[in-house]
Amino acid sequence: MKKGFLFCLVLFVIVMAFATGCTGNQPESTPADSLADSTAIVDSLAKDSINTDTVEVAPIPVAADQLFDDFLFLFASRPAIQLSRIKFPITETTGDKTRQIDRQHWVMERFFTDKDFYTLIFDNQQQMKAANDRHTDSVAVETINLNTGVVRQHLFTHATGKWMLVEIRNKLVSETKNASFLDFYNKFATNPAYRRQSISNPFVFVGPDPNDDFGDRVKTMQMRASQWDNLGFDDLPSGTIYNILYGQRYTESNQKIFVLRGNANDQETELTFRRFGSRWMLVKLNV
């Protein structure tokens, strides 16, 4: 996602879109034994080792234990807090195999905190409200490797009034309720020709009104599929993406809302996809 798109660039491209009216290779299919190699995959995601002899226990603000998002950013950026909020030895499950990770062998997990934004997947608008639910007591943070087809889940609970990481699970994308959509999205994000064929004509665009000098008025309009290339979405997140399960229960639904949420600001972009038969299509872009 190009930085600054949500405001200045959006205003510019809408005006251009109204004025104007290469086939890539699809990714190879995921090998059946991807999950068996998940240890190597996980190791490739590791950022820093923690010297447990020098880390001091750091207090965490009480307020940060209320909303999970507040806690997660502290957990992923402060080694002392991370170590104090893991139930050691922690169990990691891969298929029918388990292993125990003790404190001395833990590797700092930063998730998406070193990026400009992170991604979320919802079935509907109602599920999007779960992030602000202070009564949520179980959350899973997913690291989704679209290239290998492996999902790594970090499971957190709030049973004692404090968020704690209690378990890690590795599974195949094909075993999740989002399998069909993620297979589609991987091609949508990386194959320009496939992407052009997967945009509804027309699609709904919701964004700043180009006729509003102050830029605080939102307008909903129909745009032609051919106008997508003017919007600057050529570098959608691919490879490794993330998702947070705030207690929402996915179904084999025919709608997915793919959200890009800024780490350091309130900027958010929503791409709504719908499935028609076996075919997923982008039907709405909300910036």
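Phenylalanine 111 sits in the loop between strand 4 (107–108) and strand 5 (117–122); strands are DSSP runs of E, at least two residues, and helices are runs of H or I, at least four, numbered from the N terminus. The model is predicted: local features need pLDDT of at least 70, side-chain atom pairs count only at pLDDT 80 or more, and totals for chains, interfaces and linings use all residues. Residues are numbered from 1 along each chain as its sequence is written, and side-chain values use heavy atoms, leaving out hydrogens and water.

**Backbone features**
- Phenylalanine 111 is not a glycine, yet its phi is positive, about 50 degrees.
- Phenylalanine 111 counts as buried because its relative accessibility is 1%; buried means under 20% relative accessible area, exposed over 50%, partly exposed in between (1.4 Å probe, protein chains only).
- Phenylalanine 88 and proline 89 are joined by a cis peptide bond, with omega about -10 degrees. Proline 89 belongs to strand 2 (residues 86–94).
- Asparagine 201 to proline 202 is also a cis peptide bond, omega near 5 degrees. Proline 202 lies in strand 9 (residues 199–208).

**Nonpolar cores**
- A nonpolar core is a set of buried Ala, Val, Leu, Ile, Met, Phe, Trp, Tyr and Cys residues joined through side-chain atoms within 4.5 Å.
- The largest core has 35 residues; Phe181, Phe203, Trp228, Phe258, Leu271, Phe273 and Leu285 touch the most other members.
- Helix 5 (residues 179–190) gives this core its largest share, six residues.
- Another core, of 32 residues, lies apart from it and includes Ile60, Ala64, Phe71 and Val139.

**Around phenylalanine 258**
- Contact means heavy atoms within 4.5 Å.
- Beyond its neighbours within four places in sequence, phenylalanine 258 contacts residues including Phe181, Tyr185, Pro237, Ile241, Leu271 and Phe273.
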